[in-house]
Amino acid sequence: MCMSTDKQEPKKVIPIQAVPAEASEEMVSLYAAAKKIYPRSVEGIFAYWRWITVAITQIVFYGLPWVEWGTRQAVLFDLEARRFYIFGLVLYPQDFIYLTGLLVISALALFLFTAVAGRLWCGYACPQTVYSEIFLWIERKIEGDRSARMRLDDADFSLKKLSKKTYKHIAWVVLSLWTGFTFVGYFTPIQELFATALAWNFGPWQFFWVFFYAFATYGNAGFMREQVCKYMCPYARFQSAMFDHDTLIVTYDAERGEPRGPRSKKTDLAAANLGACVDCTLCVQVCPTGIDIRDGLQYECIGCGACADVCDTVMEKVGYAKGLVRYTTQNAMANKWTTRQTLMRVLRPRVLVYTSILMAIIIAVGVSLAVRTPFKVDVVRDRATLARITENGGIENVYRLQVMNASEKDKTFQLSVSGMQGLKIETETDVKVASAQSHWVVLRVTIPYGSAEAGSHKIVFDIKDTSGNDVIHEKSVFIVPR
Ligand code: SF4
Ligand code: SF4
């Protein structure tokens, strides 16, 4: 039983000394210089898959602009002609809805992958990760692995150091320029761009974008690296909103690993009061963002799995079970779930809802693309003249009509107009438009004088594809002057 007592100890009086104001002032610098990170190379299942995604994304990125489709580039975003070519698809600015659909699909896919496996995009497919990985690979080939690179950077100036650094930067610059060139090749026919590059005859915009993109690649992948992920990328900031306790994340099993410490193979762990972590710090040395996964989930972690790979090799060497650092969920860790239980739980309602919405939007965009009318029409009233009386005594309105052929065949379109008594087109009604081209026509439309009251009247232009049954109805107005 706890007895209380009224006897209180006399309070100690602590003398407060007067301190001169200037003595309490201290300069605190808010700037901390970034420490260079030297990630050690790593092998393992996650490194293997990262290299697979690096290879796929780069083969697609560097190769796609060179693929031909008939007489043109298969994928070309021709901003000047305001036309996007994606294999057999020809998209005009009026098809903006498909771009919106694509953005919605990308956002939902990101939510879905993040809910399932955290920063899967960051660790395996984000351009920042992919290019940092390639640049780092070049660096390793020329300067060596982590310790060799650290020694080289610490070493005094020498011819060997200069030549290694020079080779590395030449390789980086060449790759960056090729990346910038390829990027611009998505917006300007790449064959022409290549000929222009050989003749060193870039236009100002081509010059700007090739070098700007090359500079961005060189700076971000060569120097900024993890700092882009840590300080510039907004995704790192709001990812926690998409995580829950059933999201797969790279985690250190502290219960199994602690207390950490070095030991020999023969050490009795129970007797020595040691966990499975041998405190080799290899998981920190391979981390591209320089963090220690043993400190728990941190926003800097891009979920690349390098620490899991290296820790597995350590566990293998010391003869312990793998998976001290592994992809798992917080719930699985707390409840000691098996891999099967963990994966079953990953398929939770949230994931199923994201998947259903994503599939529904993909199907909707796919179907609407498949059934879309293969041409577009824009009707613009001639603003210069509202209406005029012709020499034949009719009332005439003038329109400008743009017919956009979004197919791979030359087509003829038949124009007609309706909506008012005696309304007819006085100009040519058959319009020929070459494949994937657009054509402007001036239309003069008349009604007999006195056949309609003064004012604005609704009319409809019908544009029919003579090679099929597709018809587009475009509304406009006909002005009858007082
Ligand atoms: S690699 Fe594994 S064993 Fe080595 S320090 Fe990291 S967690 Fe511990
Ligand atoms: S902590 Fe592990 S998973 Fe996270 S970034 Fe570092 S190495 Fe990659």
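Start by selecting Trp200, which sits in the loop between helix 8 (190–198) and helix 9; helices here are DSSP runs of H or I with at least four residues, strands are runs of E with at least two, and both are numbered from the N terminus. Before going on, note that this is a predicted model, where local features need pLDDT of at least 70 and side-chain atom pairs count only at pLDDT 80 or more, while totals for chains, interfaces and linings use all residues. Residues are numbered from 1 along each chain as its sequence is written, chains are lettered from A and ligands numbered from 1 in the order in which they are written, and side-chain values use heavy atoms, leaving out hydrogens and water.

Stop 1: Is Trp200 buried or exposed? Trp200 is exposed, at 59% relative accessible area (buried is under 20%, exposed over 50%, partly exposed in between, with a 1.4 Å probe and protein chains only).

**Stop 2: Lys376 and Asp95.** Next, show these two side chains, which meet in a salt bridge at 3.2 Å, N to O (a side-chain nitrogen of Lys or Arg within 4 Å of a carboxyl oxygen of Asp or Glu). Lys376 is in strand 8 (residues 375–381) and Asp95 in the loop between strand 5 (89–91) and helix 3 (96–117), so the pair ties together parts 281 residues apart in sequence. Lys376 counts as buried at 15% relative accessibility, and Asp95 does too, at 4%.

**Stop 3: Asp244 and Arg348.** In this salt bridge the closest N and O atoms are 3.0 Å apart. Asp244 is partly exposed at 22%, whereas Arg348 is buried at 4%.

**Stop 4: Lys411 and Asp465.** Here the closest N and O atoms of the salt bridge are 2.8 Å apart. Lys411 is buried at 11%, and Asp465 is buried at 1%.

**Last stop: a network.** Finally, select Lys36, Glu139, Arg140, Glu143, Asp145, Arg149, Asp153, Lys165, Lys168 and Arg225, which salt bridges link into a network.
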